[in-house]
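Subject: Structure handover

Dear colleague,

Please find below the structure that I promised to pass on to you, followed by my notes on what was found in it.

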Amino acid sequence: MSDDNVIIPLLKMGVEAREQFVGPEGLEDVAVTRPDHPLVKYAEVFTDNFDLIAERKSVISQLREVAKASVMAKFMMEFGFNLEESWFKLGCESATACCLEVPQLW
C-alpha cells in the first residue's frame, strides 16, 4: 500500500522442489531440501529464470497473472475491502452467439 492508499502488487514467482510419498493416510507432499538433489537444482534455476521463461511460454505468463490476481484477492478478503458494484462490471459484456449450429465439412 502506497502513501496515498493505492494498492501496488509486487509478486516474485518461484518454484519449490516437492515430492510425494505414500504415507499412512495416502499420498503426502513434502518439500525436498537437500541442496544436491536434482529437483532442488531445477527449481532454483527455474526460479532464477522465471521472467525469461514467462516471456517465452505464454502459459507460464498466464500462471503468473493468475497468481497475482489470487494474491490480490486474498489480501482484499483478509483486510475486508468493500468494493462498489461498479468494480464488478468493468469487463465488456459479450454479445450472445448468433449461430448455435456446429459447422459441417461434408
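Thr47 touches Lys12, Met13, Gly14 and Val15 when residues up to four places away in sequence are not counted, contact meaning heavy atoms within 4.5 Å. This is a predicted model, in which local features need pLDDT of at least 70 and side-chain atom pairs count only at pLDDT 80 or more, while totals for chains, interfaces and linings use all residues. Residues are numbered from 1 along each chain as its sequence is written, and side-chain values use heavy atoms, with hydrogens and water left out.

Thr47 sits in helix 1, residues 38-48 (helices are DSSP runs of H or I with at least four residues, numbered from the N terminus). Thr47 counts as buried because its relative accessibility is 18%, where buried means under 20% relative accessible area, exposed over 50%, and partly exposed in between, with a 1.4 Å probe and protein chains only. A polar atom of the Thr47 side chain lies 2.8 Å from the backbone oxygen of Ala43.

Met13, again leaving aside neighbours within four places in sequence, is in contact with Thr47, Phe50, Arg64 and Ala67.

Phe88, by contrast, lies in the segment after helix 3 and counts as exposed because its relative accessible area is 60%.

Best regards

Terms used. Helix = DSSP H or I, 4+ residues; strand = E, 2+ residues; numbered from the N terminus. Polar contact = N/O pair within 3.5 Å; in protein donor to acceptor, adjacent residues only side chain to side chain.
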